[in-house]
Amino acid sequence: MDKKAMGSEEDASDNAPSQPNDLSPEFTQDEINQMDELILSLSKESDDNKRRDRLAGILDKELADASNSNNACADGVLEKAVLGAEIPRFAKLFQLSLDSIGEKVQADAREVALEQQQRTLNNNDGVSDDAKDGNEEGHAFERVKSQEELQLWALIDMMVQSKTRVKLHMGSLGSKGEFR
């Protein structure tokens, strides 16, 4: 794994789940922690295009490296790649960490949304029915998305992008296992 792409430890400190390694015995705790840091740093990128470009570069590099190492024989001769081959180790770890972090961020976002809803209800208690749907002039209030909600949407976007990239690299994107 490319350590430069992993992000800093500061990025991971907020939401870093401590994943038990017994769920993923094929990965070391250090690998899991590095992947968590990478996913957290990507999910906190507010610019969708920058995040997508960075993730595409990381996935393309790691999946190409995995493909090259899987296709090489001991004597250095390349074997023919087989469609439906095993999912690369990097992709498995990425998905494992993405799922774990996604669950934590979803729980955090749900908690923040409930707090915002409660504050809104408390603020509306002394307001007339006409003004409850907006401010004094009757204009509706625009709900602002929390950082947790924005991060959750980024994680969903990353999940879709990663699954598509893995299928692309494995040659199974398209109908009946053929790339089209």
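Asp 60 pairs with Arg 165 in a salt bridge, with the closest N and O atoms 3.3 Å apart; the term stands for a side-chain nitrogen of Lys or Arg within 4 Å of a carboxyl oxygen of Asp or Glu. This pair links distant parts of the chain, as Asp 60 sits in helix α3 and Arg 165 in helix α5, 105 residues apart. Asp 60 counts as partly exposed because its relative accessibility is 26%, and Arg 165 is partly exposed at 25% (buried means under 20% relative accessible area, exposed over 50%, partly exposed in between, with a 1.4 Å probe and protein chains only).

A word on the model itself: it is predicted, so local features need pLDDT of at least 70 and side-chain atom pairs count only at pLDDT 80 or more, while totals for chains, interfaces and linings use all residues. Residues are numbered from 1 along each chain as its sequence is written, and side-chain values use heavy atoms, leaving out hydrogens and water.

The chain contains five helices and zero strands (DSSP runs numbered from the N terminus: H or I of at least four residues for helices, E of at least two for strands). Of its 180 residues, 32% are buried. The accessible surface comes to about 11,800 Å², with 50% belonging to carbon and sulfur atoms (Shrake-Rupley method, 1.4 Å probe; for residues, only the protein chains shown count as cover).

Seven salt bridges occur in the structure. Within helix α3 (residues 48-71), Asp 48 and Arg 51 lie three residues apart, about one turn of the helix, and their closest N and O atoms are 3.0 Å apart. Asp 48 is partly exposed at 35%, whereas Arg 51 is buried at 3%. Both residues belong to a salt-bridge network that also links Arg 52 and Asp 157. In helix α4 (residues 89-124), Asp 108 and Lys 104 are four residues apart, and their side chains meet in a salt bridge of 3.3 Å, N to O.

Helix α2 (residues 29-43) packs against α5 at an angle of about 115 degrees, with the axes 9 Å apart (axes are lines fitted to C-alpha atoms, for helices over the stretch in contact, and angles run from 0 to 180 degrees between N-to-C directions). On the α2 side, the contact is made by Ile 39, Leu 40, Leu 42 and Ser 43, and on the α5 side by Gln 151, Ala 154, Leu 155 and Met 158 (contact means heavy atoms within 4.5 Å).
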